Each structure stands twice: as structure tokens, then as C-alpha cells.
Amino acid sequence: MSGKNDEKVRTIPFVRQGKKLTVGEIPEITAYEAGFLTVTNASWRTETPVCDRNRCNGCLNCYLYCPEGCVYRDGKTGKIDIDYDFCKGCGICAKLCRKGAIIMEKHGK
Amino acid sequence: MRTFISGNEALAHGIRLARPHVISAYPITPQTTVVEHLSSMCSAGKLTAEFVHVESEHSALSCAIGASATGARTFTATSSQGLLYMAECLHYAAGGRFPVVMMNANRSTALPWNIYGDQRDSMGLLDQGWIQLYVENAQEALDMSLVAYRVAEDSRVLTPFMINMDGFVLTHTYEVVDIPDQELADRFLPSYVTDNRFDFDSPKSMAFSVGPEQNFRFKFREHQAMNRAKKVIAEAEKSFAEVFGRQYTGLVENYRCDDAEYVIVTIGSVSGLVRSVVDELRRDGVAAGLLKIRYMRPFPDAEIAEILRGVKAVGVLEKDISFGYEGTVFTNVNSALQVAGLSVRTSNFIGGLGGADISREQIRDIFQSLESDGRRLNFLGINREEYDD
């Protein structure tokens, strides 16, 4: 199971890393990377979506429907990756992926 | 082009000139013909916008918010109960910083059922984080449609904008209105560019959660942005005057208040009648004045206090009531005076509820009552012996 996000720490500098924000660092808008300004929130996941990058064509349909906003694009390949710190394992992405690229892996007993 | 049209149609032309990408609306009561006109413009090819008929006002605003979250310029319109049905979504638009522009036809709220004009619908929603403007005539409705987008979409503001028009008195009556050329509108209003959108190059989480530790800081920023709108409104109106040759008066209008002893504070269409009575009284030697509040949010506290400094007595005339206390405009005006350290005698006059007419004679009576110590809270047309207290 590929549960790691290699680039996760790249630009998410705040709560996940335990940093305090000043008011000036608060954005004017509510669009940012997944989990911005919240603590990690994934312990209720019983299944994990795993993306087969050979099948993913980067259409981002999963991004549009992900209720947690935790799908992002891998800058190098243009394909999707999932931020497992915030994925709740709902499986919507797997359900509507037209390429069948996302498979829900059940967690071990 | 000068033409004779209804207030609804005037506002629709203003929105057309702003070139929105998406218009969403629930077309049934209590909707006005604003969206009908826009729909006709779309089908006639005079406006290139996605017109979405939805199943409720809640959905109308949700749709506008969703469209705004793709970077689109959006518009919706409603009135009274429809606005109230949107209440949940009003917060989403404001907190999400989506600069939706909405026209609200100020109409009374149930029960008893009534579709005539008063301002209890929007006054009950002052705290939802929307800029609230009240216009006085059809030309202003058209012009402010363009100003609304310019202010709401300004990167310093990013706050949704509600244009309030008195139901029936403004929306359904006809006036001569100057409809400007598209070329002028384009010169005045830049296109909307934002990072606050679904972005396929760099996908982001939209409308995210924020835990308790940081959440209130977002609310603090929202408050700051609303206050910054005061300056941006002034800039936008200055630019509007340069492009279109029509000058508006900012957050408030000071009509003959500079040497006035008695001032009536108004909001919306009744201002025209009060202005006319002020002129009559001035001819009779009474030092009367009118202070019209154009924006209820952001609230022009300093501007109001400055104008009312040195006045003997102030009457606040408004078409709403916060049951169990007084009119909301009155509360806000008193707060502004208190903050400025002014002790001006003030009293409140509630009129026009459920579309009740406010007469010239009643305005004259208000001015007369300001000259003596009267009741603090008065309902126009209710006799003294009918009050319990």
C-alpha cells in the first residue's frame, strides 16, 4: 500500500507541523491545500484509496468531488495523489473514477 | 440611451453591463422581474451568461457560490421570504469570500402574509457578512450594479454585495433611466481575477474547515475586509463619476444638514419624500435636514456622527422594527453617536411596515415632534392612547 506522500511537506507549513500562525498569515480566502489550519483528521478511515498511476490520466474528476479536498496534483507527473492525513476513506473518488484507477484497499485486521 | 423603464429592468440592465458569467434564480414568488429580464436578455443573445433556473432560493445562492468558486462573476436576485430562505448560504458566501452580487427587493415578511415593501427582510440579516446598500431610485439601482461588482471583487474586500431596493415603490414603478454604453461599463469594471477557485493546475481544497484555534482569526479578517470596503466604495464612486459623469455621495448623503437643527435619518426610497419636505420647511424658516444612510454594512458610524454633530434633535425613520426593542437603524445610529461622544436627542419613527404609505404630512409631523421632547419610539399612524406605556 502506498500510504506515503513524498511531497507532502513541500508547501503545507502550518498546523500539521505544529506551527502557530500570525493573523497576517491567515489567507483572505478559504482555498488552500487540504487540511490547512486543521489538525490531521484521518483516523476514522477503514479503507484507503490507492491510485494506479499507470491508469490515471489526470482528469481531476476525483478532485472536484472529494469532500475533503485532499486530492492534489503531482507536480512532476501531472497525475493525482492523495493526502492521507485528511482522507476519510469515503471512496467517492474510487466510485467515480472513469479510468478505474483508484482502488479502495481494506485495512488489515 | 435614455429610456422609460421599471426599477427591476434598470437593475437588470446594470447587471447585463457587468457581464456576469452565471445567473442563478428561483423564478417564482417572491421573485421580481429582474431575473425575467435577464433571462430574456440571455435568450436574445444580448447577454452571454449561463442562466440557471433552480428549485429554491437556497439553491439559487448555493449555485451562485459554486459558480463563484470556479472564478465566475455571479448574480442572483430575491426578496423577503426568499432572502430568509437563503440565510444559511449568506454565511457561506461571506465566509468563503465569494463576491456574489445579489439584488434584494425589500418586502415585508410573513405573517400576516403581505407582499408590499418594508425593510425587515434585509435588516434581520445585517450580521451575515454582506455589504448592504440601499438605493433610492432606478438610476441608482443600475449604476450601483456596476459599483457592486467593482467593490465586492476588489482584492482588498472580497465580500458579497447585497443591493437593496424598496419593493414595489422602486422595483415596480417606472422612471426615466440612462442606460450607459457597454464600452463605458467595460472601462469602469475590470474582469474578476481570483485565486479563490477550483484550480486544475494547482488543485486546492475549497471552502475548507478551520479548527477553533484559528477560526476566529478568519472572522477577524472578514471584519477587516468589510471595513476596508469603506475606502474602496469611495474610490469606486470617484471612478464611476469620471467614467459616467454621475456622482454618488458615498456611505451617506448629507442633505442640508450643515446648519440644520432638526434632522431626519432615512434609508432607501422614502428619502425622496423627506428631501422634499426639508425644502418646504426651509422655505418656512425651519432649519431641517436629511441624512440618508446608503450603506448599513459597512456602517458609516464616523460619517453619521460628523454630520449630526451640533444638531438639536434627530429622528430616525425606518421601515423595520426589532420587536421588543426598537428599529435597527436607530440602534446603530445611537451607537455611532455614543462612540463619538455626542449627546444628541434622538427618537425613532417606525413606518411603512407591510407597505403602509408614509405621507408628506407624517414627515412634517416628525419634524414638528423633534422640536419638543416626545416619545423615544413612535409608530407612524398609531395614536398616543394606543401605546401601553
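Me: In which loop of chain B does B:P298 lie?
Reply: This is a predicted model, in which local features need pLDDT of at least 70, side-chain atom pairs count only at pLDDT 80 or more, and totals for chains, interfaces and linings use all residues; side-chain values use heavy atoms, with hydrogens and water left out. Residues are numbered from 1 along each chain as its sequence is written, while chains are lettered from A and ligands numbered from 1 in the order in which they are written. The bond joining B:R297 and B:P298 is a cis peptide bond, with omega about -10°. Taking helices (H or I, at least four residues) and strands (E, at least two) as DSSP runs numbered from the N terminus, B:P298 sits in the loop between β13 and α11 (301-308) of chain B.

Me: Where does B:R19 lie?
Reply: B:R19 is worth a look on the backbone: its phi is positive, about 50°, although B:R19 is not a glycine. As for its place in the chain, B:R19 is found in the loop between α1 (7-17) and β2 of chain B.

Me: How many residues apart in sequence are the parts that B:R294 and B:E140 tie together?
Reply: These two form a salt bridge (a side-chain nitrogen of Lys or Arg within 4 Å of a carboxyl oxygen of Asp or Glu), and their closest N and O atoms are 2.8 Å apart. B:R294 is in the loop between β12 (288-293) and β13 (295-297) of chain B and B:E140 is in helix α7 (residues 138-152), so the parts that the pair ties together are separated in sequence by 154 residues.

Me: How many salt bridges does the rule find across the interface of chain A and chain B?
Reply: Here 25 residues of chain A touch 28 residues of chain B. The buried area is about 2400 Å², with carbon and sulfur atoms giving 60%; on the chain A side, A:E28, A:T30 and A:Y63 lose the most, together 31% of what that side buries. The whole structure has 31 salt bridges over all chains. Across the interface of chain A and chain B, though, the count is zero.

Me: Which element gives the largest share of the lining of the second largest pocket?
Reply: Of the 22 residues that line this pocket, those closest to its centre include B:F349 and B:R384. By class, the lining has seven nonpolar, nine polar and six charged residues. β15 (345-350), α13 (360-370) and β16 (377-379) of chain B each supply at least two lining residues. The largest share, five residues, comes from α13(B).

Terms used:
1 Å grid on protein atoms, 1.4 Å probe; cavity = no way out; pocket = protein on both sides within 12 Å on 5 of 7 lines; lining within 4 Å. Nonpolar A, V, L, I, M, F, W, Y, C, P; charged D, E, K, R; others polar. Contact = heavy atoms within 4.5 Å. Buried area = accessible area lost by both parts, 1.4 Å probe.
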